Amino acid sequence: MIKFCDRPFNSIHLDPNGGCRLCAWTNANLGDLTKEDLETVWNSENANKIREAVKQGNYEFCRKTSCPFLENDSLPEISEEEAEKMVPEKLPTHYSVACDFICNHSCPSCRNEIFQPDEAYRDRLKLILDKILPYLNRKETVKVLTDGNGDCFASPYIMDMLERLHPENEDCQIGFETNGALLDEAHWKRIRHLAKYDVHVTVTPNSFIRSTFTYLNGGHDSYDAVMRNLAFLRKLREKGDVNWIRISIVLQERNFWEFPEFARRCIEEFSADEVVAKPLYRWFMLSQEDYWFKDVLNPLHPYHKEYLEMLENPILKDPKIFYWGARNLHARREHPAQLYKEHMKITEMLLDRQDAAEVLQKRLHEKNVISLYIYGDMELASVLYHVLSKTDIELKGFIARDMVKGERCGQKVICLHDYEPQDTDAILILNNSYMAEIVRDFHFKGFYGTLLPVNELVEDLDR
């Protein structure tokens, strides 16, 4: 028996600017919906690669620390024979239309300011929504969810699409995810024709204390509006226009202590069918430093003990509370300053040792390395490049997932997305803290060669 997920066989997630994934918890892009049709994207090489892995019970290409099924080990089990027979639907039946960044808030965990789309962005968004709408309205469509990157009620483009949404399948589930500030009577009036479907609404206030609420959404004081709209949503639930209310909180250093009272109010005051407790994940613009400070699930966080104590509050035993990874400890990660400290130590060793190039060359020969990329767009990358250029190792350049500079040491920095692996390559990894994630990303690219952590390369210099 193996754990099996059917999402790669029936679902698609639309990202801003045309990208598509099989679900929100995979990293692999399937294609560009602004240039390709849905059929091509759905049957792409990357899509089939993920499906084949899942059929083997392999979730290497999935985000294990954000997928609610992997976080909670709740995937169903089926036999290997059943899994092998699984084939994708002819077209997706489940759609996550999260293709718009437009939002009326600027939560620090997501972005630094209110997103302002330019004309090219608006044109792409209109193209994507016009292209996907006929598929959403098919009788085969089972589920449509909006939005995950912005706020569906803040986006005039998503709202326009929702006004034109009329799935032939009357049992279709329609889901909205919103911060709640604009989930009012005026916006509902525009889409109330959807009430005949199975409507699920997720609201993400993150706090019921005004000061915390305002801080967590980037300084926008929409607290009163959200409170009014939660009461309005409760009335829609009582009338049967909405079938399920889910209220979500992202637990972090600023709000975790108020979670018991937050959960109580969600259930008793706003008639929530489910209260979702999520940990903070590192999305969008959140720096490594800010993430470390906010991530109370990190055992090295100064508030981690208090966080664990909070989870033992009797109120939090209510069966309506769903722990989306909020009880799963994160990896022990030192503050990012520790990485900078390690890099400074390596830099000192490289500069102090006259034989540094000779020592590194010997180590690379022992590992049968003849050509090398440096993975990491940071200062240490330049120092290593200059030292390694004195060896007989072919330096092919730099690779980075999040590019800081387009060029370093006269070499182009290649985005990981554009890297084409070769059998003779080796990759020198500078950020050991994220080694597991980096290995996963390279394996998805089809690279199974040498991935060498920088501390292993330079360990002979410290003797």
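Which residues in helix 3 are buried? In this predicted model, helix 3 spans residues 45-55, and its buried residues are Ala47, Ile50, Arg51, Ala53, Val54 and Lys55. The cover over these buried residues of helix 3 is provided by several elements, among them strand 1 (2-3), helix 1 (7-10) and helix 2 (38-42), and it also includes helix 5 (80-84) and helix 17 (435-444). Just after helix 3 the chain reaches Gly57, a residue whose phi is positive, at about 75°.

Rolling a probe the size of a water molecule over the atoms shows where empty space is left. Counting cavities of 30 Å³ or more gives 1, and the volume of the largest cavity is about 100 Å³. The lining of this cavity is made up of 14 residues, of which Cys5, Arg7, Cys23, Thr26 and Cys62 are the closest to its centre. Helix 1, which is also part of the cover over the buried residues of helix 3, supplies at least two residues of the cavity lining, as does helix 4 (68-71). Sorted by class, the lining of the largest cavity holds 11 nonpolar residues, together with 1 polar and 2 charged residues.

By class, the lining of the second largest pocket consists of 6 nonpolar, 6 polar and 5 charged residues.

Is Phe293 buried, exposed or partly exposed? Phe293 counts as partly exposed because its relative accessibility is 43%, a value that falls between the limits of under 20% for buried and over 50% for exposed. When its neighbours within four places in sequence are left aside, Phe293 is in contact with Glu253 and His301. A separation of 41 Å lies between the C-alpha atoms of Phe293 and Asp130, two residues that are 163 residues apart along the chain.

Note on methods. Residues numbered from 1 in each chain as written. Predicted model: local features only at pLDDT ≥ 70, side-chain atom pairs only at ≥ 80, totals over all residues. Heavy atoms only, no water. Nonpolar A, V, L, I, M, F, W, Y, C, P; charged D, E, K, R; others polar. Buried < 20%, exposed > 50% of the residue type's maximum accessible area, 1.4 Å probe, protein only. Helix = DSSP H or I, 4+ residues; strand = E, 2+ residues; numbered from the N terminus. Contact = heavy atoms within 4.5 Å. 1 Å grid on protein atoms, 1.4 Å probe; cavity = no way out; pocket = protein on both sides within 12 Å on 5 of 7 lines; lining within 4 Å. Points joined across faces, edges and corners; volume = space filled by probe spheres on them.
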